[in-house]
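Please work through the exercises below with the sequence and the structure open beside you. Each task is followed by a solution that goes step by step.

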Amino acid sequence: MAKHSQNEQMKHAVFVFSEDQLGYKFSETHPFNQKRLVLTIDLLRKMNALSNDSIVPARIATDEELLLAHDQRYIDIVKKASRGEITPEAGESYGIGTEDTPIFENMHEASARLVGGTLTAVDYVMEGKAQHALNLGGGLHHGFRGKASGFCIYNDSSVAINYIKKKYGARVLYIDTDAHHGDGVQWCFYEDPDVCTVSIHETGRYLFPGTGNINERGSGQGYGTSFNFPIDAFTEDESFLEIYRTSMKEIMEFFKPDVILTQNGADAHYLDPLTHLYGTMNIYREIPKIAHELAHEYCDGRWIAVGGGGYDIWRVVPRAWSLLWMEMNNIPLPEGKLPESWLSRWQPESPVRLIETWQDPANMYEAIPRKEEITDKNQQMLNKALYMIRNT
C-alpha cells in the first residue's frame, strides 16, 4: 500500500463533498433527498466540527472505473437516459424509469460524481494522506452490474472495493448497517475470497430487497466471506448493538482485512418512514465508535466510510451523520441541545418539529410488548451465525 511522502503531513480524516453531489435528485417528492447532506454539513459547521481544511472535492468516476462493477451496455443506457434519449418504458429492464429509480436529467454525471467521491476517499486513505475518509454522498449499495435498484444507479462501494483491490492489492472488509440488506455489494463479491461483506439489516420478510438471509455465505472460493444478520422488525438498540459488537470482533479475527469500508445508512431509526426498526440515536453513537476501534486494532487505522439510506432527513440523518464525523475525528460526542443557530435556520423549512437534543426523547415510542421475544429471536440468529463463523 502506498505511503504519503515525508513532506506531506497525514490528515486525521477528510470529508469528501462537492456541491455537485446534490445533483443526484430524482424529484421533489422522492424519499431519497440529498438535502440531508446540506443539513448535516451545516450542523457540523455550527458545532465547529468541520472546517474547510478538512473538505476535499469529489471527482467524477471515469467510465473505466465504473466498469469495475458495471457493464458498458448499462453505462451507455444511463448516459442516454441522462440526455432524454430513452423512454421510461425502455429503461425499465435496466431498473431506471421506475417508481423507485426514475430518470432525471444528467443522471449519469450525478451518479458518477457520487462514485468518484468514494474513490477520492479511497485514495486519501490508501495513499496514506489521511487515516480516515468520509463520503456521505456514497453508500448506494443496491446497484447491480447491469441494473439500477432501490434508488441506486451506480454502486459506489462495489466500484471502490474493486478499485482498492486492483490499485492497492488490499483485502477489504465491507460493513453495512443500513436497515436494508446490502445486496448489490454482496452479490458483486459473492465468489471473492479477498472481500468480506457483512450486513446487519431488517429481515427481508418485511422489507426491500428481501434478501440477506443467514445462509447467504458466499460461493466457490468466496464461501464463508459473506455474513448476514437479519434482525426482526421492532428491534431496539440493545439487541442491535449486541449483534454488531459480538459479530464484528469475530469477523475481524477471522478475515484480517487491510482496510474497512463502512456503509452508514441512518434508516434503522424509529422515525425512519421506510423501515420497521426501533433504533435511537444511541446506535449512531456506538456503530462508528466500534468501527473506529476495529480499524485501529486491525487495519492501522484505515477506515473509509460512506452514507447510505436515511429518509427522515430532518430529525435523524443530520444528527446521526454528524456523530459519525465527530467519532472519526476524536471529537467528544456532544450531549444536550443542538446549536440554536441550526435549529432556528431549519425549523421554518422543516415539515416536522425538529428534535432539539442530540439524544432522542425518552418517550419517543411506547414500550414494545414483544421485546423479549424479539431479543431472543435475534440472539438465536446471532448464535447460529457465530457458529458458522467459527466452523468455516
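**Exercise 1.** Which residues does E327 touch, not counting residues up to four places away in sequence? Then work out how the charge of E327 is placed in this predicted model.

*Solution.* Begin with the location: E327 belongs to helix α10, which covers residues 317–328. Leaving aside residues up to four places away in sequence, E327 touches P288, K289, H292 and L333. Finally, turn to H292, whose side chain is joined to that of E327 by a polar contact of 2.7 Å.

**Exercise 2.** Describe the aromatic pair of Y74 and Y154, and explain which parts of the chain it ties together.

*Solution.* The structure holds 17 aromatic pairs. In the pair of Y74 and Y154, the centres are 6.0 Å apart and the planes stand at 90 degrees, an edge-to-face arrangement. Because Y74 lies in helix α3 (residues 72–82) and Y154 in the loop between β3 (130–135) and α6 (156–168), this pair ties together parts that are 80 residues apart in sequence. As to accessibility, Y74 is buried, with a relative accessible area of 1%, and Y154 likewise counts as buried at 1%.

**Exercise 3.** Over which rings do the charged ends of K129 and R217 sit?

*Solution.* Taking K129 to start with, its charged end sits over the ring of Y124, 4.4 Å from the ring centre. For R217, the ring is that of Y223, with the charged end 5.3 Å from its centre.

Note on methods
Residues are numbered from 1 along each chain as its sequence is written. This is a predicted model: local features need pLDDT of at least 70, side-chain atom pairs count only at pLDDT 80 or more; totals for chains, interfaces and linings use all residues. Side-chain values use heavy atoms; hydrogens and water are left out. Helices (H or I, at least four residues) and strands (E, at least two) are DSSP runs, numbered from the N terminus. Buried means under 20% relative accessible area, exposed over 50%, partly exposed in between (1.4 Å probe, protein chains only). Lys and Arg count as positive and Asp and Glu as negative; His and the chain ends are not counted. A salt bridge is a side-chain nitrogen of Lys or Arg within 4 Å of a carboxyl oxygen of Asp or Glu. A polar contact is a pair of N or O atoms within 3.5 Å; within protein, one must be able to donate a hydrogen and the other to accept it, and residues adjacent in sequence count only if both atoms are side-chain atoms. Contact means heavy atoms within 4.5 Å. Rings of Phe, Tyr and Trp (its six-membered ring) pair if their centres lie within 6.5 Å; planes under 30 degrees apart count as stacked, over 60 as edge-to-face and the rest as tilted. A charge sits over a ring if NZ of Lys or CZ of Arg is within 6 Å of the ring centre and within 35 degrees of the ring normal.
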